[in-house]
Amino acid sequence: MILKPRIESPELLILRCLSPRKQLVEKDHHYYENLEKGFEGEKKFDELLETFTEDWLFLNGLLLEHNNSLFQIDTLGISQEGLYLFDVKYYEGDMSIDGELWKYSNGTVLKNPLHQLQRCESLLSRFLQDKGLHFPIKAYLVFNHPHFTLYGAPRNPTIILPTQLQYFMKKLKSVKSVLNSSHKKLADMILTANLPSYPNAYIPKYEYSDLTRGIICSSCGSFLKSKSHFGKLTCQHCLHVEQLDSAALRSLREFQILFPERKVTTNALFDWCSPILSKRQVQKVLSENFERKGHGKYSYYV
Ligand SMILES: [Zn+2]
C-alpha cells in the first residue's frame, strides 16, 4: 500500500501556475517542462504500486538529509526482505551507454544516473545506520517511458528498462512479505525526517504586475473569454463547462500558491479573476467557502 502519496514539489506548483500567466525565458521553460515530465513519469510508476497489498509499504517523493547532504528518493518500498529504492527516469527517445558515459541521441553526455543512484543508496544506508537501523537495501534505476531505448545497455540487474518493467513488478509482488511493527516504526521515522522541499530550490523571479490575470480553463489551459451564464463558465476554445464556484476557487488556489503572503480579499480575487467575475460573484464565493475576518475594506478571508 502507498503510505505516502506523491505530491508536486512547491517549485513545480509555482511554475505550473506561472507558466500560462507569464512568458518564461527558455531556460526556465525547459526547467518547468522537465519537472512536469519527471512528475508525470513518477505518477505512472505509482500506478503500478497501487496494486500491491498491505504487505508492502511505499513512501513516494522523499527528501532526506544525512550529514548536511540532501538526498531525494523517488520511491522507497518497505518489505519483509528489506528496502527497495527506486529512481524513476521518464526519458523519451534514444540514449546510449559508452563505457561509463551516458549520452543523449545528439551526443550530449548526461550525469551518470547509476552514480546518482549509488549516492542515494549510500546516503540512505548511512542515514539508517546513524539511527541504529540495519535493513538491506536494493536499489533500482527504472526507465518507464514506453518510447525509450537504451543502446549498449549492460546486463545490469539494477537497470529496469520499459520492456522489463511489468515482469519485474509482477515478480516483486509475488515475493512473500509480512510486515511487523519494526517496519511500521521505520516508515514513521522516515516520514518524520522527510523535508518539505529543497531549501534552495530554483524559482524564477516574478511580480504580480508581470502576470496575466483571468481564469484559466481547467481542461485546455486557455484563458476564459466570456462571463458566467447561469452560474457556469464555458471555455470558448474547447467548450469545457465549469461551475463558477469551482473555477473561482481553483483560481484562488493559484493566487495563494504564487502569493502566499497576500491576504485573500474580495478585491484581490476580483482583480485576479478580472474580467470574468463580478465583485458580487467573488464576494459570494468567498463568503460561502471561507471565514471572514475584520470589517469593511479591511476584511479578508481565511
Ligand atoms: Zn478550454
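Okay, one term before we start: donors are N, O and S atoms within 2.8 Å of the metal. Keep that in mind, and remember that what you're looking at is a predicted model.

So, the zinc ion. Its donors follow the spacing C-x2-C-x14-C-x2-C along the chain. Which cysteines are these? They're C217, C220, C235 and C238, each using its SG atom, and they coordinate the zinc ion at 2.3 to 2.4 Å. What's the geometry of the site? It's tetrahedral, with angles of 106 to 115° among the four donor atoms. For reference, the ideal angle for four tetrahedral donors is 109.5 degrees.

C217 is in the loop between α5 (181–193) and β11 (232–234), while C235 is in the loop between β11 and β12 (241–243). They sit 18 residues apart, and the pair links distant parts of the chain. Buried or exposed, what would you say for C217? C217 has 4% relative accessibility, so it counts as buried. C235 is buried as well, because its relative accessible area is 1%.

Okay, on to the rings. How many aromatic pairs are there? The count comes to 24 aromatic pairs. I'll show you two.

One of them is W102 with F143, a stacked pair: 6.0 Å centre to centre, with 20° between the planes. W102 belongs to strand β6 (residues 101–104) and F143 to strand β8 (residues 137–143), so this pair ties together parts that are 41 residues apart in sequence. Both W102 and F143 are buried.

The other is Y208 with W272, and this one is tilted: 5.8 Å from centre to centre and 35° between the planes. Where do these two lie? Y208 is in the loop between α5 and β11, and W272 is in helix α7 (residues 266–272), so the pair ties together parts 64 residues apart in sequence. Again, Y208 and W272 are both buried.

Ring pairs link F45, F52, W56, F58, Y84, F86, Y140 and F168 into it.

Which ring does K263 sit over? The charged end of K263 is over the ring of Y300, 4.4 Å from its centre.

That's my tour, thanks!

How values were computed. Residues numbered from 1 in each chain as written. Predicted model: local features only at pLDDT ≥ 70, side-chain atom pairs only at ≥ 80, totals over all residues. Heavy atoms only, no water. Donors = N, O, S within 2.8 Å, 3.2 Å for Na, K, Ca; no water. Tetrahedral: all angles 85-135°; square planar, octahedral: opposite > 155°, others 65-115°. Helix = DSSP H or I, 4+ residues; strand = E, 2+ residues; numbered from the N terminus. Buried < 20%, exposed > 50% of the residue type's maximum accessible area, 1.4 Å probe, protein only. Phe/Tyr/Trp six-rings, centres within 6.5 Å; stacked < 30°, edge-to-face > 60°. Lys NZ or Arg CZ within 6 Å of the ring centre and 35° of its normal.
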